[in-house]
Amino acid sequence: MAMHLPHLHRQALARLHRMACLPAGGVQRIEPLLQALRPVVAFDFGGFLYPGMDGQLQAHLQDGPLHAVLADSFDPRILRSESQVLVRSSHDFAGAARHEHGPLLLRELVKVPASEFQRSDFYNVVARPGGGTEYLKLVLRTPQGVGLGALFLFREAASPWFTTDDVAALAQLEPLLARILQDGELDSANSMVLADGMLVVSSSGGPRWTTPEAEALLGMAFGWRWRRGADLPPALQELVRRVQGPGSLLPALELRTSQGWFSLRATLLAARDEWNSSATSGSGCHAVALHITRRVPRDARLLAALETLELPPRQHEMGWWLAQGLSESQIALRMGISLNTAVYHRRQLYNRLGVANKDTLLLKMFQSYASGQLNSGS
């Protein structure tokens with residue numbers, strides 16, 4: 001098995017470099033980034049904490065035990081405990097962006113003796129049950145020094161500790177990883193609508209009715225902050241307040257998370273018996289409809305589709321540029337090759353996939369992507 005690791009390592013590095021050469025895509029690329037990174041720096045599961053557009057800290061986690069205790073990690077009591085045993089709470093992203101440079105091990109961030117750390121609420125409620133007793137943390141920044149988010153690579157208790165080689169490997173990749181996750185423009189013309197839904201609430205924000213689509217989308221947009229039947233997240237409460245105030249424009253909210261771009265719009269509904277059946281007074285009451293739409297950048301969707309095909313590097317790059325609508329001469333310039341070589345790679349790609357032109361190439365790519373999504377159950 002060991003003899004194959006260098007090859008897998010090289011493949012993973014090549015995949016990361018290809019992702020970094022694509023137009024800026026933002027946090028929507030965190031999952032393919034983590035998948036590509038695992039052969040380079042082995043870890044059990046990864047995560048990314050980043051500032052959301054609503055001012056709240058957002059979290060993306062791969063499958064792992066930490067999912068079950070994520071909401072607890074935001075509890076004020078646990079946050080106080082974390083700040084008492086660590087140099088800096090993982091939720092203090094502003095402080096981390098100012099002071100943390102390069103990969104840091106959890107044991108480097110613990111500021112108390114091991115016995116005191118293991119008695120803390122943070123350790124016993126979050127770190128130990130969440131499988132996060134060993135992690136590597138890396139704050140990623142733009143070239144201008146603006147913090148993008150904090151990358152976490154976790155190893156569970158049964159796994160060996162991270163080594164200095166792991167730290168060095170991650171440090172070398174820091175500019176590449178930051179480039180992959182750097183935000184691009186919110187461009188609705190270059191995005192794809194995947195789903196939409198609607199939630200109806202009372203004038204005070206109490207939930208009344210939710211479509212299944214909205215239930216899933218709100219979970220993607222707000223993460224652990226969205227719980228069916230619970231109070232609305234603060235950003236949605238603000239939309240409900242604004243739609244009932246003065247002004248002719250419908251209040252709206254844009255969110256960008258690892259799951260896509262979410263547009264939320266509030267509409268005031270006339271009082272109806274079915275919305276006010278639980279109200280003590282049947283007059284003067286209104287309901288508010290919250291419409292939510294999920295978009296993903298076309299580039300992110302295309303990248304995911306390409307990855308499912310497991311193409312050689314040159315054919316992977318050729319497929320990307322063909323799908324973007326570039327001619328062979330334009331692709332030759334982008335790839336730094338001759339026109340004849342570009343034609344050769346295009347023919348090789350078409351033969352490999354059994355397609356005849358760009359249209360059937362795109363169809364093949366997205367059919368493969370859809371099949372992968374169905375097989376994964378997502």
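Tutor: Start with a pair of helices. α14 and α15 are roughly perpendicular to each other. This is a predicted model.

Student: At what angle do α14 and α15 pack?

Tutor: Angles of 65 to 115 degrees count as roughly perpendicular. The axes of α14 and α15 are 8 Å apart. Their packing angle is about 105°.

Student: Which residues of α15 meet α14?

Tutor: The α14 side supplies Glu 328, Ser 329 and Ala 332. The residues of this contact divide into 4 nonpolar, 1 polar and 2 charged. On the α15 side stand Leu 339, Ala 342, Val 343 and Arg 346.

Student: Is Ile 337 buried or exposed?

Tutor: Ile 337 sits in the loop between α14 and α15. It touches Arg 314, Ala 332, Ala 342 and His 345, leaving out residues up to four places away in sequence. The cut-off for buried is under 20% relative accessible area. Ile 337 has 17%, so it is buried.

Student: How are α13 and α15 oriented to each other?

Tutor: The axes of α13 (residues 313-323) and α15 (residues 339-353) come within 9 Å. They cross at roughly 95°. The range for roughly perpendicular is 65 to 115 degrees. Therefore α13 and α15 are roughly perpendicular.

Student: Which residues of α13 make the contact with α15?

Tutor: From α15 come Ala 342, His 345, Arg 346, Gln 348, Leu 349, Tyr 350 and Arg 352. The contact residues divide into 5 nonpolar, 4 polar and 3 charged. From α13 come Arg 314, Gln 315, Met 318, Gly 319 and Leu 322.

Student: What share of the residues in the protein is buried?

Tutor: The protein has 16 helices and 10 strands. It exposes about 18700 Å², and carbon and sulfur atoms supply 53% of that area. Of the 378 residues, the buried ones make up 47%.

Technical notes:
Residues numbered from 1 in each chain as written. Predicted model: local features only at pLDDT ≥ 70, side-chain atom pairs only at ≥ 80, totals over all residues. Heavy atoms only, no water. Axes fitted to C-alpha atoms, helices over the stretch in contact; angles between N-to-C directions. Helix = DSSP H or I, 4+ residues; strand = E, 2+ residues; numbered from the N terminus. Parallel < 35°, antiparallel > 145°, perpendicular 65-115°, else oblique. Contact = heavy atoms within 4.5 Å. Nonpolar A, V, L, I, M, F, W, Y, C, P; charged D, E, K, R; others polar. Buried < 20%, exposed > 50% of the residue type's maximum accessible area, 1.4 Å probe, protein only. Areas by Shrake-Rupley, 256 points an atom, 1.4 Å probe, with all protein chains shown as cover.
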